[in-house]
Amino acid sequence: MRITFCGAAETVTGSCHLIEVDGLRLLLDCGLFQGGHQREDLNRKPFPFDPKDIDAVLLSHAHLDHAGRLPLLVQRGFSGEIHCTTPTAEIAKLMLADSAHLQVEEASYRARKARRRGETAEPPLYDMADVLRCAELFRPVPHYGKAIRLNDRVSFVLHDAGHILGSAAVELQTSNGNLLFSGDLGNRHQPIVRDPSPPPQADVLLIESTYGDRAHRSMEDTVTEFKDAIDTIIPNGGNLLIPSFALERAQEVLYELFILWTNKKLPRCRIFLDSPLAISTTRVFERYPGYFDAEGQSIFATRPNPFDFTPLRFTQTTDESKEINKASKGNIIIAGSGMCTGGRIIHHLRHNLWHKNSGVLFVGYQAVGTLGRRIVEGARQVRIFGEEINVAATIWTTNGFSSHADQPILLDWIRQAEPKHVFLVHGEDDTLDAFASRIREDLSIEPHIARLRETVEV
Ligand SMILES: [Zn+2]
């Protein structure tokens, strides 16, 4: 079996691994590199393989850093099948359409600027036509735990990774032994989704390392902070903004708000889910309650539930979104993008950031260089749409909302898989080193840190 690491090697984005085994060339994921121009330029580079030669893609989940280069793969000649769970197929199509829309918008902005310099700009990485051709190649797998044959020697099984709705760890059964790819592994006790399934035995393990160097804070602390932000802002007539990713985090925030509301701990307010992508993703969640954990299934079995309760409103159109800031105060506004790099949250920040009775509650990681990170780091003033805005609002950051396994969960998972070979992927440099030494000490396994474009034989 030959493995080539084509992305998410020594970094957390661009997940893509080529597996050559038993006459097949398979890709595990085909994600976008994200976070800064240098990394994003990697997306335009030729793949270290010919897309026409790839037989199939096994997709772990719908996040763009795992699925975001699929339309590009199709544009460059791939015509095989894309296997993933049914919710992943549905959500991935929404995410890819949104990504194509952004690619086209950014390319036309670059083109306008380039024309003024008498130059030409790069075309979009892909457009809606590529997404539509890609969407035809999805082959949804309706159940976890069922072996599906790719040829007479190779089958694959998807296991619940407990990371986001429909996420999977991919087991590849071959004549050369079993390979297990964790995809992104979830945290324990996350709202809505199940805990990660125990892994099958694996000869070769490719495991994500995002939080391989730390243990998470408990969810109870997070809920306390969450409640503190609401109780400080809402009764005083301020607006509380929650910048959120559209997929999974937005639904988890609604879940926690609903729990407060049912326990009569939510002050009188209106809650707006102000993101078309988060609204469409929420609709997919509603269609797949079978993928929820037991608690989630019982909460969603009746109405009201976290996606349908009195204070909650879905604002689909731009006009509805604009109305929010004209309306009375005391609103909780959930909008994207999660790191305040674009989207409707920018308008809400411009309206609210300079009010001392407003608040911003961050529920996700804020990467270096983003507006979200500048606010979290205590900037007194930020530039929004060319205007300097004072930061007078109160800022909270909660760290307990995590849809990634921490070190103890990852170590447990490796222990249970009893692998002969461990490859660490999807982590930043310092984390990878710390995680590798912990695996050596605790499990007496010598892990290999995957390098970008490196090929290994096992
Ligand atoms: Zn993910």
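Trainee: At roughly what angle do the axes of helix H4 and helix H8 cross?

Mentor: Keep in mind that this is a predicted model. The axes of H4 (residues 86-116) and H8 (residues 276-287) cross at roughly 170 degrees and come within 10 Å. Angles over 145 degrees count as roughly antiparallel. H4 and H8 are therefore roughly antiparallel to each other.

Trainee: Which residues in H4 and H8 meet?

Mentor: From H4, the residues are Pro-87, Glu-90, Ile-91, Leu-94, Met-95 and Asp-98. They meet Leu-277, Ser-280, Thr-281, Val-284, Phe-285 and Arg-287 of H8. By type, this contact has seven nonpolar, two polar and three charged residues.

Trainee: Which residues touch the most other members of the largest nonpolar core?

Mentor: The general idea comes first. In soluble globular proteins, nonpolar side chains tend to be buried together. Here, the largest nonpolar core has 77 residues. Leu-70, Phe-138, Phe-226, Leu-257, Ile-271 and Ile-332 touch the most other members. Helix H7 (residues 249-262) supplies the largest share, seven residues. A second, separate core holds 26 residues, including Phe-5 and Val-456.

Trainee: What does Leu-70 touch, leaving out residues up to four places away in sequence?

Mentor: Its partners are Cys-30, Val-57, Leu-59, Ile-82, Cys-134 and Phe-138.

Trainee: Is Gln-366 buried or exposed?

Mentor: Compare its relative accessible area with the cut-off: buried means under 20%. Gln-366 has 6%, so Gln-366 is buried. Gln-366 lies in the loop between strand S16 (359-362) and helix H12 (371-376).

Trainee: Which backbone oxygens does the side chain of Gln-366 reach?

Mentor: The side chain of Gln-366 reaches that of Gly-338 at 3.1 Å and that of Gly-364 at 3.0 Å.

How values were computed: Residues are numbered from 1 along each chain as its sequence is written. This is a predicted model: local features need pLDDT of at least 70, side-chain atom pairs count only at pLDDT 80 or more; totals for chains, interfaces and linings use all residues. Side-chain values use heavy atoms; hydrogens and water are left out. Helices (H or I, at least four residues) and strands (E, at least two) are DSSP runs, numbered from the N terminus. Buried means under 20% relative accessible area, exposed over 50%, partly exposed in between (1.4 Å probe, protein chains only). A polar contact is a pair of N or O atoms within 3.5 Å; within protein, one must be able to donate a hydrogen and the other to accept it, and residues adjacent in sequence count only if both atoms are side-chain atoms. A nonpolar core is a set of buried Ala, Val, Leu, Ile, Met, Phe, Trp, Tyr and Cys residues joined through side-chain atoms within 4.5 Å. Contact means heavy atoms within 4.5 Å. Axes are lines fitted to C-alpha atoms, for helices over the stretch in contact, and angles run from 0 to 180 degrees between N-to-C directions. Angles under 35 degrees count as roughly parallel, over 145 as roughly antiparallel, 65 to 115 as roughly perpendicular and the rest as oblique. Ala, Val, Leu, Ile, Met, Phe, Trp, Tyr, Cys and Pro count as nonpolar, Asp, Glu, Lys and Arg as charged, and the others, Gly among them, as polar.
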